[in-house]
Amino acid sequence: MPRTIPLDRYRNIGILARLDAGRTTVTERILAVADRPDAAATGARAALGMPAWVEQDNERQITLTSAATSCVWRDCRITIVELPASRRNDDQALAVLDGTVLVIDGVGGVTDGVAALFDEIEAQGLARLVFVNKLDLEGADLSAVVAAIAARGTAKPVLLQLPIGAGAGLRGIVDLIEMRATLWRTAGHDAPAEEVEIPSDLLAAAQLARAEIGVAVGAKGADVVALRQAVKVAVRSGMVVPVLCGSAFRNRGVRRLLDAVVDFLPAPSDMAAHAGVAADGHRVERRPADDEPFSGVAFQTVDDPMSGRLTFVRIYSGVVATGSSMLNSVTASPEKIGRMVRMHANHAEEIKEARAGDIVALAGLEHTTTGDTLCDPDAPVILERMPATAGRAGH
Ligand SMILES: Nc1nc2c(ncn2[C@@H]2O[C@H](COP(=O)(O)OP(=O)(O)O)[C@@H](O)[C@H]2O)c(=O)[nH]1
Ligand SMILES: [Mg+2]
């Protein structure tokens with residue numbers, strides 16, 4: 001079976017936030033919007049005639065039994081890895097990501113807790129975007145967040161959007177790269193959006209802010225594609241942090257956030273080869289490609305009421321099919337793949353085959369726990385944790 005989505009169209013991301021900043025809301029909106037691109041987030045399930053309790057159940061499934069949920073946006077497979085709330089001694093879930101979205105409460109701003117999240121992401125060398133949420137609330141202060149990120153001195157914040165209106169009067173968002181605006185004509189939560197010209201009273205500020213993006217990422221001129229590419233390169237080098245904004249609650253700015261994940265966060269194919277140790281003790285590498293021997297890392301196990309124990313695995317190289325044998329190289333145990341599923345917001349998709357870049361759940365593994373390497377028995381390898389910074393954001 002050939003690959004259906006090219007590896008450079010994968011994004012494996014984590015969404016990080018301090019409690020109450022809106023991580024769950026952002027995640028739910030992303031999954032709803034991406035599943036049904038033309039339907040408004042909360043309208044979608046209602047349109048399907050789903051009763052309220054099903055909606056509740058689905059939401060619980062997202063946050064509790066799925067360690068990684070996939071959706072499709074602009075022909076990209078975006079998989080959101082659910083990061084356990086307390087992961088102090090276990091950064092395995094962070095280690096399988098290629099990029100992160102840090103959700104910051106626009107009212108609370110960059111607290112010590114948010115700064116600690118920045119530290120964690122930077123220690124892993126992960127590419128990151130910031131989404132400043134809750135701009136619909138009085139007291140939300142986008143510029144204060146940008147200033148606080150700048151004051152950290154680690155990476156330069158680059159504002160990619162300007163809000164139109166503030167607080168309850170948040171009416172739209174200007175996209176500074178494309179120089180166009182999204183407007184919501186009514187105040188409701190899922191008001192239909194309109195693409196319009198930038199309002200004339202904001203044009204000068206937008207032009208200035210756009211020029212600042214160009215300076216920050218070293219791109220001259222007005223070409224949209226070139227500017228986007230320069231931002232992507234700068235994000236991967238860790239030099240800049242793009243800042244987006246909106247209100248997840250009102251479903252404002254979520255599509256643009258998805259666009260930014262596609263445009264600026266790295267694909268598995270952008271990452272360096274994964275280092276490991278072979279059976280003979282020699283160092284080896286596994287490139288992110290289908291024609292390499294199979295290797296992957298188990299990063300979470302969950303007990304699912306329907307499927308029993310599921311082991312979530314990030315595949316780094318090669319192809320693996322149901323029915324085939326694998327080796328857990330850490331415990332030196334053979335494992336057989338019975339069922340394999342890809343988790344979506346509302347269902348588990350049975351799959352027969354998974355490839356480099358995929359994050360899938362395997363049922364029936366007996367000897368595998370978090371952090372173990374699974375590999376081709378004919379090409380044993382123990383994968384190393386990705387080292388901080390080297391080879392990640394900036395190869
Ligand atoms: N006004 C407003 N409230 C929001 C927004 N996003 C989330 N919330 C609310 O903030 C609270 C915490 O959100 P939640 O997504 O559970 O945050 P989490 O703890 O980071 O997962 C909930 O009551 C949400 O409804 C937003 O954009 N605007
Ligand atoms: Mg939550």
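The structure is a predicted model, in which local features need pLDDT of at least 70, side-chain atom pairs count only at pLDDT 80 or more, and totals for chains, interfaces and linings use all residues. Residues are numbered from 1 along each chain as its sequence is written, chains are lettered from A and ligands numbered from 1 in the order in which they are written, and side-chain values use heavy atoms, with hydrogens and water left out.

**Ligand 1**

- Asp20, Arg23, Thr24, Thr25 and Asp136 come nearest among the 15 residues around ligand 1 (a residue is near if one of its heavy atoms lies within 4 Å).
- Helix H1 (residues 23-35) supplies the largest share of this shell, three residues; helices (H or I, at least four residues) and strands (E, at least two) are DSSP runs, numbered from the N terminus.
- An oxygen atom of ligand 1 lies 2.5 Å from an N or O atom in the side chain of Thr25.
- Polar backbone atoms are also approached by ligand oxygen, at 2.7 Å for Arg23 and at 3.3 Å for Phe249.
- On its own, ligand 1 has 580 Å² of accessible area, of which the protein covers 75% (Shrake-Rupley method, 1.4 Å probe).

**Thr182**

- Thr182 belongs to strand S9 (residues 180-184) and counts as buried at 9% relative accessibility (buried means under 20% relative accessible area, exposed over 50%, partly exposed in between, with a 1.4 Å probe and protein chains only).
- The side chains of Thr182 and Glu195 form a polar contact at 3.3 Å (a pair of N or O atoms within 3.5 Å; within protein, one must be able to donate a hydrogen and the other to accept it, and residues adjacent in sequence count only if both atoms are side-chain atoms).
- Leaving aside residues up to four places away in sequence, Thr182 touches residues including Ile164, Arg171, Ala193 and Arg256 (contact means heavy atoms within 4.5 Å).

**Aromatic pair**

- One aromatic pair is present (rings of Phe, Tyr and Trp, its six-membered ring, with centres within 6.5 Å; planes under 30 degrees apart are stacked, over 60 edge-to-face, the rest tilted).
- The pair is tilted because the rings of Phe299 and Phe312 have centres 6.3 Å apart and planes at 55 degrees.
- Phe299 lies in strand S14 (residues 295-304) and Phe312 in strand S15 (residues 308-317), 13 residues apart; both are buried.

**Cysteines**

- The count of disulfides is zero (a pair of cysteine sulfur atoms within 2.5 Å).
- For Cys71, the nearest cysteine sulfur is that of Cys76, 9.9 Å away.
- Cys71 is buried at 2% relative accessibility, and Cys245 is buried at 0%.
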